[in-house]
Amino acid sequence: MKKYFDRPHKEIFPKEKILVLRSIAINKIKSNLLPNKKIIKIILIGSSVKNNFGKYAPPGFRGSLFSDFDFIVFVEEDYKIPKWLDKEPAGKPFPDAKLNLAYRNKNFVEDKYDIEVFFIRKSNMAYPKIQKLGELAGIPMTPTTTHEHLVIYSKE
């Protein structure tokens, strides 16, 4: 039985193409978010890090025929989320709705590939319950995380 969240088959891009697209996404997100003293760290997770980024069979997944770039941005309490990002109602790893700061920008890379940006406020970064829930959702939240990721910016 097919579930509503099952992903269709995905044709994986060659690693060289993934690396080029990943570099474009990283440079573009950095130029759009930085410099900003209220950003603590930016990491990239997901298919572009695991080298299984590609094109989905129609009808696609979450409104796109392509994988997206998944950024996690750790921010100070008073950080204002940019208006060029749209709230993503599907991004819900935490039980408390005010913690689910998932946003999307459609066609951000080469007018074709979406980005999802999940913001985590500083007060939640060190909270053990939030760390555990984040880790269960695939978000690297601890120094001992086993989730593949790339740190693309760190204030420290």
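**Exercise 1. Find which residues I130 touches, leaving out those up to four places away in sequence.**

*Solution.* Contact means heavy atoms within 4.5 Å. With that rule, and with residues up to four places away in sequence left out, I130 touches F94, L99, N124 and M141.

Helices here are DSSP runs of H or I with at least four residues, strands are runs of E with at least two, and both are numbered from the N terminus.

Now take one partner. F94 and I130 are 36 residues apart along the chain, and their C-alpha atoms are separated by 7.5 Å.

Finally, check the accessibility. Buried means under 20% relative accessible area, exposed means over 50%, and partly exposed is in between (1.4 Å probe, protein chains only). I130 has a relative accessible area of 6%, so this residue is buried.

**Before you go on.** This is a predicted model, in which local features need pLDDT of at least 70 and side-chain atom pairs count only at pLDDT 80 or more, while totals for chains, interfaces and linings use all residues. Residues are numbered from 1 along each chain as its sequence is written, and side-chain values use heavy atoms, with hydrogens and water left out.

**Exercise 2. Describe the surroundings of S64.**

*Solution.* Start with the location: S64 sits in the loop between β3 (54–56) and β4 (69–75). Its relative accessible area is 9%, so S64 is buried.

Then list the partners. Not counting residues up to four places away in sequence, S64 touches Y56, K106 and D114.

Last, look at F66: its backbone nitrogen lies 3.1 Å from a polar atom of the S64 side chain.

**Exercise 3. Decide whether N51 and D111 are buried, partly exposed or exposed.**

*Solution.* Begin with N51, in the loop between α2 (47–50) and β3. Its relative accessibility is 27%, so N51 counts as partly exposed. Its phi is near 60°, a positive value in a residue other than glycine.

Turn to D111, in the loop between β6 (101–109) and β7 (113–121). With a relative accessible area of 70%, D111 is exposed. D111 is not a glycine either, yet its phi is positive, about 50°.

**Exercise 4. Describe the peptide bonds from L34 to P35 and from P58 to P59.**

*Solution.* Recall the background: most residues other than glycine have a negative phi, and most peptide bonds are trans.

The bond from L34 to P35 is cis, with omega near -5°. P35 lies in the loop between α1 (15–33) and β2 (39–45).

The bond from P58 to P59 is cis, with omega near 15°. P59 lies in the loop between β3 and β4.

Methods: Polar contact = N/O pair within 3.5 Å; in protein donor to acceptor, adjacent residues only side chain to side chain.
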